[in-house]
Amino acid sequence: MVAALSPPALAIEATGLRKTYGRHEAVKGIDLRIGRGELVGFLGPNGAGKTTTIRMLAGLLRPTVGSASILGHDVQRDPLNAKARMGYVPDTPNLYGKLRGHEFLRFMGRLYRVPPAVAEQRAAELLRLFELANAAGDLVEGYSHGMQQKLALAGALLHDPQVLFLDEPTVGLDPRSARRIKDVLVQLRDRGATVFLSTHILEIAERLCDRLVIVDKGQVVATGTMAELRAQGSSQGGAEGSASLEDIFLQLTGGADYAELAAVLR
Ligand code: ATP
């Protein structure tokens, strides 16, 4: 009898990911092990390598060294299977403006080979969920930034991916739209999907995410739940167990030099 293959436990795995642009090493050997059903926040200062890493994980950028896989499928060697299982929303979605909202979703459905009837039904649900139903017949070029962001997320969800990458998903969104996106991400996680998002909004990281990965200068400097990060921070001589994520973040990424700041502003 052939034993049933157990599904891979890891949703996202990265081993020794590096990326060099010219002589600049933007990502210097990142290892990640993200389980199924985790909502993970990816934090780090500007230029730390978050977008570069996410693009490598999503198979949009070839690593200089290292590998990444999605649910056991190597994104470089088995890209079709890896990409069929993931969705990706960049920080600035570059949507084709001459399509109407519903046409864009139909296009995404065809790209991911979703049966047309299923795609139509999911598109209608997603447009309603993101409060875009009334704009579905309008050209995307007339959408506001926030509407484009929500449409891009709807497009990334059309094929019901098990792993979702988002690069700063709430930038430029009004509080209602940001809330809607956060609620959708939590629901996706609760249904077993894995969500990996970069953000500079520490409140999102702290309140939304199960686990955080903090990077600085192309390397992971800390990873864990908020409680684990607090413990790490206090063991390194930082604030006691009540430290906010901002304190921990600044301590880990060398941004807490208030004396230097005071000297500049004097
Ligand atoms: P931010 O928070 O500002 O969005 P980030 O953490 O996403 O930053 P990246 O965009 O990954 O950082 O950039 C990491 C480093 O790589 C930066 O020094 C950046 O200038 C550099 N970089 C990124 N893309 C390129 C590129 N296409 N060519 C050359 N250098 C690049």
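Welcome to a predicted model, in which local features need pLDDT of at least 70, side-chain atom pairs count only at pLDDT 80 or more, and totals for chains, interfaces and linings use all residues. Residues are numbered from 1 along each chain as its sequence is written, and side-chain values use heavy atoms, with hydrogens and water left out. The helix and strand names below follow DSSP runs numbered from the N terminus (helices are H or I with at least four residues, strands are E with at least two).

**The four-strand sheet**

- Four strands make an open sheet, in the order E2-E1-E4-E5 and with antiparallel pairing; two strands pair if DSSP finds at least two bridges between them.
- Strands E2 (24-35) and E5 (73-74) are at the edges and have a single partner strand each, so one side of each has no neighbour in the sheet.
- Strand E1 (residues 10-21) runs antiparallel to strand E4 (residues 65-70), and five bridges join the two.
- Helix H1 (residues 50-57) packs on this sheet, where it touches E1, E2 and E4, and its direction makes about 125 degrees with that of E1. Contact here means heavy atoms within 4.5 Å.
- Another facing pair between these strands is Arg 18, which stands opposite Val 65 in E4.
- On the E2 side, E1 and E2 pair in the antiparallel sense over nine bridges, and Thr 20 stands opposite Glu 25 in E2.
- E1 and E2 form a hairpin with two residues between them, and Gly 22 in the turn has a positive phi of about 60 degrees.

**The six-strand sheet**

- A second open sheet has six strands in the order E6-E7-E8-E3-E9-E10, with mixed pairing.
- Its edge strands are E6 (86-89) and E10, and each of them pairs on one side only.
- From one strand to the next, the twist averages 15 degrees.
- E6 and strand E7 (residues 163-167) run parallel and are joined by four bridges; Met 86 stands opposite Val 163 in E7.
- Strands E9 (residues 211-216) and E10 (residues 219-224) pair in the antiparallel sense over five bridges, with Ile 214 opposite Ala 222 in E10.
- E9 and E10 also form a hairpin with two residues between them, and Lys 217 in the turn has a positive phi of about 50 degrees.

**Helix against helix**

- The axes of helix H3 (residues 101-111) and helix H4 (residues 116-129) come within 10 Å and cross at roughly 135 degrees. Axes are lines fitted to C-alpha atoms, for helices over the stretch in contact, and angles run from 0 to 180 degrees between N-to-C directions.
- That angle makes H3 oblique to H4: angles under 35 degrees count as roughly parallel, over 145 as roughly antiparallel, 65 to 115 as roughly perpendicular and the rest as oblique.
- The contact is made by His 102, Leu 105, Arg 106 and Gly 109 of H3 and by Ala 119, Glu 120, Ala 123 and Leu 127 of H4.
- These residues divide into four nonpolar, two polar and two charged. Here Ala, Val, Leu, Ile, Met, Phe, Trp, Tyr, Cys and Pro count as nonpolar, Asp, Glu, Lys and Arg as charged, and the others, Gly among them, as polar.
- H3 and H5 pack at an angle of about 30 degrees with their axes 9 Å apart, and are therefore roughly parallel to each other.
- Gly 101, Phe 104, Leu 105 and Met 108 of H3 make this contact with Leu 151, Ala 152, Ala 154, Gly 155 and Ala 156 of H5; by class, it has seven nonpolar, two polar and no charged residues.
- Helix H5 (residues 145-157) and helix H6 (residues 175-190) pack at about 15 degrees, with their axes 11 Å apart, which makes H5 roughly parallel to H6.
- Lys 150, Leu 153 and Leu 157 in H5 meet Ser 177, Ile 181, Val 184 and Leu 188 in H6. This contact has five nonpolar, one polar and one charged residues.

**Aromatic pairs**

- Rings of Phe, Tyr and Trp (its six-membered ring) pair if their centres lie within 6.5 Å; planes under 30 degrees apart count as stacked, over 60 as edge-to-face and the rest as tilted. By this rule the count comes to two aromatic pairs.
- One of them joins Phe 42 and Phe 196 in a tilted pair, 5.0 Å centre to centre with 40 degrees between the planes.
- This pair links distant parts of the chain, with Phe 42 in strand E3 (residues 39-43) and Phe 196 in strand E8 (residues 194-198), 154 residues apart.
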